[in-house]
Amino acid sequence: MLTSRKDEHLSVVLENKFKKSGKTTGFEAFDFNHCALPELNLDQIDVTTYFLGKRISAPLLVSSMTGGPARSASINDNIARACQALHLPFAVGSQRVAIEEGEASGLGKRLRSLAPNVPILGNLGAAQLNLGYGTDQAKQAVDMIEANGLYIHLNPLQEAVQPEGDRSWAGLFDKIVAISDALDVPVAVKEVGGGISAGLAKRFVDAGIAIIDVAGAGGTNWAAVEAARIKDPVKARVANTFADWGIPTAVAVKQVRAACPKATVIASGGIRTGIDVAKALHLGADLAGQAAGLLHAANDTPDALIEHFEAIIEELRITCFCTGSADLTALKSATTRSTMET
């Protein structure tokens with residue numbers, strides 16, 4: 001049933017079968033001021049940065065997408081090849097199926113062999129920590145792909161509306177912290193489209209978990225995805241009611257950065273262009289992640305994914321150029337204006 005559900009999720013997203021949220025990311029609330037005389041060489045603009053101790057070519061992350069179906073093996077394969085070619089980090093989808101049913105979905109040592117030089121993050125659902133998962137499963141998730149870090153994803157809304165959802169979330173904060181304390185690699189917490197509040201982010205950072213992926217509203221809404229696969233019309237209505245739920249990505253990034261000045265903040269949720277990436281960095285993110293926005297390319301070939309990211313990186317570089325920013329540090333200080341201004 002778990003594998004079938006993951007396959008349904010993938011189909012719903014790939015085929016755009018779910019209700020689109022009216023909630024936006026919040027990036028549209030401001031624009032960069034255009035610099036008509038950059039006095040820079042575009043080809044020399046530096047968009048490299050560091051993540052998990054490794055230098056990467058741009059502040060981009062392939063965020064978690066797939067978990068269970070057999071066809072996700074080819075997607076993971078394409079992602080690994082493309083990220084190795086571009087020197088970008090990536091996070092795998094939920095490893096629950098691989099842990100419970102054996103090595104599957106491309107989540108094995110082969111993944112590391114395809115991407116030997118880039119950061120890889122494993123991925124477990126927080127709710128599984130109330131279903132018998134613990135340090136052993138977390139270590140297994142890391143070891144099976146030789147990961148540099150482990151995402152623990154928070155998806156309470158999705159679980160609440162999913163017919164098969166895990167509804168017991170009591171005591172999970174302490175269990176997540178215990179996993180972090182036990183592992184030899186960093187733990188990162190991420191949402192899946194609802195956003196992480198500044199207060200929760202600070203609790204995690206104060207407890208020693210210093211990587212926060214806000215995964216805010218404005219991109220894929222998983223309540224709406226669940227609604228698309230629910231047969232019961234009443235339950236589908238309940239799920240669709242929450243299609244506009246969540247903290248917009250831009251708001252979450254700004255507030256989490258203010259509350260956690262030394263944390264590594266990842267902006268995901270509705271990141272579509274290099275300008276979105278630039279805006280996220282300007283608001284305080286260290287990296288920007290994409291998932292659904294690149295799923296079609298990842299489902300195609302490594303070359304399609306490479307072309308997708310080459311376009312994003314070029315858009316980011318041109319944004320730097322047209323704001324007079326020689327590097328990402330300068331971009332964070334670029335001037336902006338509210339889109340409400342005339």
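Predicted model: local features only at pLDDT ≥ 70, side-chain atom pairs only at ≥ 80, totals over all residues.
Guide: Numbering starts from 1 along each chain as its sequence is written, and side-chain values use heavy atoms, without hydrogens or water.

Visitor: OK. Which residues of helix 7 are buried?

Guide: Leu172, Phe173, Ile176, Val177, Ile179 and Ser180. Buried is under 20% relative accessible area, exposed over 50%, partly exposed in between (1.4 Å probe, protein chains only). Helix 7 covers residues 172-182. Helices (H or I, at least four residues) and strands (E, at least two) are DSSP runs, numbered from the N terminus.

Visitor: Why do they line one face of the helix?

Guide: Seen down the axis of helix 7, the buried residues fall within an arc of 155 degrees, so they line one face. The arc uses directions from the helix axis to the C-beta atoms.

Visitor: And what is exposed on the other side of helix 7?

Guide: Asp174 and Asp181.

Visitor: Tell me about strand 8. Which way do its side chains point?

Guide: Val187 and Val189 go one way, Ala188 and Lys190 the other. All are buried.

Visitor: How many bridges join strand 7 to strand 8?

Guide: There are 4, and the two strands run parallel. Strands pair if DSSP finds at least two bridges between them. Leu150 has Val187 as its bridge partner in strand 8.

Visitor: What about strand 8 and strand 9?

Guide: They pair in the parallel sense too, over 3 bridges. Strand 9 spans residues 211-213. There, Ile212 is the bridge partner of Val189.

Visitor: New topic. How many aromatic pairs are there in the whole structure?

Guide: A search finds 3. In one, the ring centres of Phe173 and Phe204 are 4.9 Å apart with planes at 35 degrees, so this pair is tilted. Rings of Phe, Tyr and Trp (six-membered ring) pair with centres within 6.5 Å; planes under 30 degrees apart are stacked, over 60 edge-to-face, the rest tilted.

Visitor: Where do Phe173 and Phe204 sit in the chain?

Guide: Phe173 is in helix 7 and Phe204 in helix 8, 31 residues apart. Phe173 and Phe204 are both buried.

Visitor: And Phe242 with Trp245?

Guide: That pair is edge-to-face, 5.4 Å centre to centre, with 65 degrees between the planes. Phe242 is partly exposed at 26% relative accessible area. Trp245, at 52%, counts as exposed.
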